[in-house]
Amino acid sequence: MSVSSRTTSPSMQVGLSAGLTWLFAVTCGAVVANIYYVQPLLADIAASFQVGMGRAGMLVTVTQVGYALGLLLVVPLGDTHDRKRLILGLLGLCVCLLLAAAASPSFLTFAAASLGVGLLSCAAQVAVPFAASLAPDHRRGRTVGTVMSGLILGILLARTIAGAIAHYAGWRAVYVTAAVVMMVLGALLARTLPADPARPSIPYGRLMASVLALARDDATLRWRSLMGALGFAGFSVLWTGLTFVLSDAPYHFDQATIGLFGLAGLAGALAASRAGRLADRGHAHQATGLFAAACLVAWGLMALTAPSLLGSLVALTAGILLLDVGVQGLQITNQSVIYASNHGARGRVTTVYLTTYFVGGACGSAVASLAWELGGWLAVSATGGAIALLLLACWLIAHARRRDA
């Protein structure tokens with residue numbers, strides 16, 4: 001039996017308690033936070049190494065490039081290697097590079113450590129399919145939703161935590177603290193994670209070739225990856241354009257105030273859990289349509305220009321909340337579906353899905369900047385609305401094919 005078609009064994013399905021589910025969630029949140037700690041620290045890091053803000057800003061890109069490399073080159077190994085050992089190994093190396101970042105004597109040393117931290121933080125995306133494999137079929141969507149809720153909260157809270165620690169103890173203390181957290185989580189995971197059953201070994205070259213084969217042969221994976229990419233593109237349009245509009249007239253908000261709008265993402269974390277439950281009950285297709293429609297309505301709200309500043313903020317905030325629910329709900333629904341049909345290849349479908357997902361996000365950020373230059377916030381809203389309309393059209397096409405099948 002091939003690795004890609006291997007079904008999940010009963011022993012695997014009873015290996016996930018509620019406590020272990022939450023440990024997976026906390027681990028994913030803490031690991032992915034490593035990628036985002038640098039963002040509020042750029043000014044302090046630039047001053048420490050005596051470089052300009054433009055050069056310091058490249059650290060964000062370097063860290064994300066590392067993460068993308070990890071998704072592409074490391075995550076597929078979860079299909080053929082012991083995932084417990086793989087996660088623990090990645091966390092151990094991450095501790096070393098976080099401490100190297102904290103002790104960096106130069107900007108280039110820090111940049112190299114940041115690249116490594118980003119790459120090793122792909123451990124979060126090894127953990128998500130591992131948790132999905134351990135969960136019984138009737139609870140897989142809920143499990144993915146819970147674990148992804150932790151990941152989302154890690155993204156949201158990373159900037160706040162980093163800023164608070166740096167304020168009292170300096171930016172280097174952020175990375176020392178992160179290293180300690182990784183060590184504690186590694187110790188907990190070493191004691192609580194069940195053994196990963198042995199699976200057939202595949203040479204690395206064939207393993208990577210099978211990633212391309214999955215993308216070519218699995219129509220559901222392609223459609224779900226496309227819809228995920230469109231959802232994240234719209235999300236990136238929002239958070240790129242939002243900084244422009246809130247720092248401009250009539251708001252003139254500072255960066256700290258703009259950052260508070262990120263707390264709207266808490267609604268997305270709640271939606272993640274609910275989306276997983278809908279998938280477990282067999283309503284993944286219907287939920288996808290609802291989340292896509294929510295994205296379109298959200299952009300309609302955010303495009304409103306109310307006669308008062310308060311009215312504009314209310315419409316904008318409501319739109320942010322609804323868009324975040326739509327995008328995060330869509331994400332969990334997509335992952336629940338692709339994990340359900342690829343028991344032995346969850347690492348590789350994660351690579352296909354998330355690589356496409358981040359390409360969509362990069363494209364969204366690029367078109368948002370262009371739209372702002374051409375027509376301000378209304379052009380940004382129109383761009384986001386067009387992406388949401390395309391997302392809904394993809395769902396309608398899938399719906400028509402499903403009905404005709």
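1. T27 is buried, with a relative accessible area of 3%. Here buried means under 20% relative accessible area, exposed means over 50%, and partly exposed lies in between (1.4 Å probe, protein chains only). T27 belongs to helix α2, residues 18-36. Helices (H or I, at least four residues) and strands (E, at least two) are DSSP runs, numbered from the N terminus. Not counting residues up to four places away in sequence, T27 touches L185 and L189; contact means heavy atoms within 4.5 Å.

2. The model is predicted: local features need pLDDT of at least 70 and side-chain atom pairs count only at pLDDT 80 or more, while totals for chains, interfaces and linings use all residues. Residues are numbered from 1 along each chain as its sequence is written, and side-chain values use heavy atoms, with hydrogens and water left out.

3. As to the overall fold, the protein has 16 helices and zero strands. Along the principal axes, the C-alpha atoms fill a box of roughly 60 × 60 × 35 Å. Of the 405 residues, 54% count as buried. Among contacts with a separation of 6 or more, 84% come from residues 24 or more positions apart.

4. Helix α6 (residues 107-120) deserves attention. Its 14 residues reach 20 Å from first C-alpha to last, close to the 20 Å expected at 1.5 Å a residue; the expected span is 1.5 Å times one less than the number of residues. Among the buried residues of α6 are F107, F110, V117 and L120. The buried residues of this helix pack against α2, α3 (42-49), α4, α5 (83-102), α7 (123-134) and α9 (171-192).

5. The salt bridges number five, each being a side-chain nitrogen of Lys or Arg within 4 Å of a carboxyl oxygen of Asp or Glu. One of them joins R83 and D196, with the closest N and O atoms 2.9 Å apart. Because R83 lies in helix α5 and D196 in the loop between α9 and α10 (204-217), the pair ties together parts that are 113 residues apart in sequence. Both R83 and D196 are buried.

6. Two further pairs have other surroundings. R216 and D217 meet in a salt bridge (2.9 Å, N to O), and both are exposed. R140 and D137 also meet at 2.9 Å, N to O; R140 counts as buried at 4% relative accessibility, whereas D137 is partly exposed at 44%. Salt bridges that share partners join R83, D196 and R199 into one network.

7. Helix α4 (residues 53-73) gives the most to the patch, with four residues. L73, in helix α4, is partly exposed at 36%. The accessible surface of the protein comes to about 16,900 Å², of which 69% belongs to carbon and sulfur atoms. Accessible areas come from the Shrake-Rupley method with a 1.4 Å probe, and for residues only the protein chains shown count as cover.
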